[in-house]
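This briefing concerns the arrangement of chains and domains in one model.

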There are 4 protein chains.
Amino acid sequence: MQLGLIGLGKMGGNMAERIRRAGHEVIGYDNAPGKRDVDSLEALVAALEAPRVVWVMVPSGDPTRQTVRALGELLSEGDVIVDGGNSKFTDDKVHADELAPKGIGYVDAGVSGGVWGLENGYALMVGGSVEDVAKVQPVFDALKPPVSTEEQTAGEAGAGFVHAGPVGAGHFSKMVHNGIEYAMMQAYGEGYELLAAVDLVEDVPGVIASWTQGTVIRSWLLDLLVLALKEDPGLDRITGYAEDSGEGRWTVEQAIENAVPMPAISASLFARFASRQTDSPTMKAVAALRNQFGGHAVHAVEAVKPEAEKPA
Amino acid sequence: MQLGLIGLGKMGGNMAERIRRAGHEVIGYDNAPGKRDVDSLEALVAALEAPRVVWVMVPSGDPTRQTVRALGELLSEGDVIVDGGNSKFTDDKVHADELAPKGIGYVDAGVSGGVWGLENGYALMVGGSVEDVAKVQPVFDALKPPVSTEEQTAGEAGAGFVHAGPVGAGHFSKMVHNGIEYAMMQAYGEGYELLAAVDLVEDVPGVIASWTQGTVIRSWLLDLLVLALKEDPGLDRITGYAEDSGEGRWTVEQAIENAVPMPAISASLFARFASRQTDSPTMKAVAALRNQFGGHAVHAVEAVKPEAEKPA
Amino acid sequence: MQLGLIGLGKMGGNMAERIRRAGHEVIGYDNAPGKRDVDSLEALVAALEAPRVVWVMVPSGDPTRQTVRALGELLSEGDVIVDGGNSKFTDDKVHADELAPKGIGYVDAGVSGGVWGLENGYALMVGGSVEDVAKVQPVFDALKPPVSTEEQTAGEAGAGFVHAGPVGAGHFSKMVHNGIEYAMMQAYGEGYELLAAVDLVEDVPGVIASWTQGTVIRSWLLDLLVLALKEDPGLDRITGYAEDSGEGRWTVEQAIENAVPMPAISASLFARFASRQTDSPTMKAVAALRNQFGGHAVHAVEAVKPEAEKPA
Amino acid sequence: MQLGLIGLGKMGGNMAERIRRAGHEVIGYDNAPGKRDVDSLEALVAALEAPRVVWVMVPSGDPTRQTVRALGELLSEGDVIVDGGNSKFTDDKVHADELAPKGIGYVDAGVSGGVWGLENGYALMVGGSVEDVAKVQPVFDALKPPVSTEEQTAGEAGAGFVHAGPVGAGHFSKMVHNGIEYAMMQAYGEGYELLAAVDLVEDVPGVIASWTQGTVIRSWLLDLLVLALKEDPGLDRITGYAEDSGEGRWTVEQAIENAVPMPAISASLFARFASRQTDSPTMKAVAALRNQFGGHAVHAVEAVKPEAEKPA
């Protein structure tokens, strides 16, 4: 089939390549002239035969909103827009409602796979109507990982793709995926730190590498941790500074919205916030309180040292 | 080689089978007469040629301590005892120090793999001297998973086995493994609960199955969650009651001992504690306080209902 | 001065009483006919001399929004509306912006004190312009606690009242107050539970009562816990079921919005969520996973019992 | 009555002063010659009439253990040793068991009050037999805060002193007190940080000062936070570095031992650990993982900057 693809960055470019390898025609557009096949959204739409499928793969937030809106002006009844970016699921309903009066369909697709997706395939979590999803299905089939019975204890037919529900369900599922990811990374991190903290364990990278087969905690993330420790066994060349994208925050917000206890994922999110602070106002207040009731002189910013006498 | 194996339960029995399949001779002993090859520890020791290797695979705590002590009376210089159970790592040093004057070696081996180990192999985290570990190596090689270049992004030679350090390092590493396991399970659980809490996601088992390929969070535990949801899609037949064995507790204790922040793993441990309470004294106190300052009548145990007016 | 007061429930009624005791005239309106002085908003506005001050003390959300909007139609340039309810601070800016073109001022006032406020005074956290706040100041002075040099180590002039900043700052400050409250209650609750869990401590209510003088943790909430334990020493007549109002949720949401690590307050919020669940889907998933890798039969909902063998 | 007091540091010296003011005779001993009344433990014991009461107020751990042991050699049947330091409650049973064959009594006393205790009185949580506690009661009465009906909503007779149970119950109760203290300080700290993070709140010290009267969260610690903010309104002169003494760790350990969920107190403990790290190995691992699956170059220790593209 034909696909219009907007956004040819690292993710979009690789996805275009994978879709083409599966025999489909991809007409790509990007703000930057380098790799694009057409020079404008208008030209993109003109180059596609109706009913058209246009996949938007640009940064979430305003860039995606503007692109979807612009496409809404150009497309026709029966066409479908797919938002494959990391949009908040609440945007999807807004988009779908704007497009519906024109008869333009809307599908949200959460995409996981990162730089490994070109070769391994991309996992896809999709929301939309049955009809709209069906129009995009050949592209989803091209993108998703092949079913490998060898590799899988479970899943088979379902692995790598799901039509999760109506519009928004795809991005919601991807959001939860990323929340889980935060806590898994935190779990490995905490375990790594404890191993590294004791003299007893002499070969920390070896222990972690040993976990990659036969254990209960083997995973793809663990394989990546082994790779990272091969490159830098003590993680000496990297600082403990971790960004967060929106999905982790939205996951915890949705937990709050739905009264779901979420202690591990929220702890992981907060650990990322803390990792980016040069000093903690919370702990300044704690230190100030200890000084007050313990009667110690205030610790100067310039010269902090452990206290000789510990009041609490 | 020859191996004496004490404890022929679910784990020990399967391990004996896997070692035998690799061509080694296993002489098994168990308190229960059913499957044992010899009728006493004395007979076990007599049946092995020196230098002997005796693997203890009995419940941790007193049963293991008593067995190691009894073996210490029966074995000779150059023999080696392996504790493959879930012992606390602090026991290992005690055992090794007791055996050292007699010239008996001691190796601690953390074993992961559960009921799947017979077929998939067992991951082994080992502590002890180079000499003692070498005496057991053929058995370790028989137990550990085969190296599969297909299945692995990383690890290769190291996967499934590590000599982590001196006596105690094996059980310490296995303890940390289990701590990580707690937080990974909690992470998947929290994500599952949020998906299940919203109407938007219509196919929760499908979403989770889709994650098993191509995603960042794919893992063996995730495969197992897919299996569990196939058997019971809403987990309606099971209650949220989760035991904990010692390792999770010890992991957090060691974090405290070593001043390692461990928010996600500890949250997972506490969630298990809470899962087993019929009511929470903490939350009774919180409810009592809200009643006090909000001026509400105390809620009777028999008839709790949401409050009409929420004070805080 | 004259004050129009809308909402004569438990809080509003007591506040009217306290303001009257200070010598001011309060004209009260409520949907319910019982205690109101006038029969309609129109009558309320007509009864007040310009410039008018009208205090809205109705449930947050739509009731408050509708009341403020209705007042906006009735009031005149130079009048001021005070929202003293538990509104989300983001509503305040919306209200102020709607009223500004008409020259009607807006002040948000977070009020703390509960049923004890009539006698002890109400703590007030206020947002708005200097001019608008000044118009309400006599009422604030009537409501706030008296300055008692005996009772206070700190604070003096500032105690019980603050003009925290522009519109919204009052409700924001009250929101944070309530977030802190959650964690303080959780802290006492956790301590209470640990004391109650051990045989060693024979007089738990006595220990908690002893903390009310001379300790670092003495507080008004602790005094209330003592009262609660006098009425019900084992908290046997109350269940551990704790509602939450919006402020705790909003506090954590704002922490996320501002990348502030908030582990203790969020843990307290999640503990409340959990307190209201009859079973935990998260822990169902954890239990299901343990069953899968440990090889145990699935635990029936009807008959859950501790496992004989603990796999992890 | 007569009291022997060992340890005349900041705490012990002030306590001696308060006991003397109540009309009792205190014979003080310290390793340092400055303020002591006698030159040796032997001289101390000789100076006291039987039955003697000797209060040990030295650093917990070995110094206390050695002092108690030495006193055990010198005292006689019917005498009583009081350990008023911050000992772990598990030490108390050991001490009592050592002293029992000689007929020497043992009382453990958790003491709270810090530098304010001399004037305000010290809160006392006491463990031991009824007979032994009775022998020390006049000293306890001298140390504890006066009962002030004005200041108290609750407590009266019980405030400031409790005989919590047998040997160990005093230190156990003090340990829990300190655990609660950690979470209260963390709660105020988190609230302070959120207030300080937003532009909306223009007078953060003012907001906190306003909370000291009429609010649900008023407390002595809050009064101290107001004092700290008066001295340094932005806490600019102090770093967020917070020591922990043993009690917080022991509290969480006991929670684990007794399967008590303790999310807020443990989060507060871990926040202190993190406050003392110059970099976090956990977050190094998290950052390394993000780099691996996101395909980003590893961030150098020298030049970390926010990522242009956020993979997760």
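Domain bounds are those of an automatic or database domain assignment. On that basis chain A holds domain 1 (2–166) and domain 2 (174–274), and the centres of these two domains, taken over C-alpha atoms, lie 29 Å apart. The model is predicted: local features need pLDDT of at least 70, side-chain atom pairs count only at pLDDT 80 or more, and totals for chains, interfaces and linings use all residues. Residues are numbered from 1 along each chain as its sequence is written, chains are lettered from A and ligands numbered from 1 in the order in which they are written, and side-chain values use heavy atoms, with hydrogens and water left out.

**Domain 1 and domain 2 of chain A**

- Contact (heavy atoms within 4.5 Å) joins 9 residues of domain 1 of chain A to 10 residues of domain 2 of chain A.
- The two domains of chain A bury about 830 Å² between them, 67% of it on carbon and sulfur atoms; buried area is the accessible area (1.4 Å probe) that two parts lose on being put together, summed over both.
- The count between these domains is 1 salt bridge, defined as a side-chain nitrogen of Lys or Arg within 4 Å of a carboxyl oxygen of Asp or Glu.
- A:Lys88 and A:Glu253 form a salt bridge in which the closest N and O atoms are 3.4 Å apart.
- Strand 5 (residues 105–112) of chain A, a DSSP run of E with at least two residues, supplies 3 residues, the largest share of the side of domain 1 that touches domain 2.

**Interface of chain A and chain C**

- In this interface, 21 residues of chain A are in contact with 21 residues of chain C.
- About 1,600 Å² is buried between chain A and chain C, and carbon and sulfur atoms give 72% of this area.
- On the side of chain A, A:Ile256, A:Pro261 and A:Phe270 lose the most area to chain C, together 40% of what that side buries.

Key:
Helices (H or I, at least four residues) and strands (E, at least two) are DSSP runs, numbered from the N terminus.
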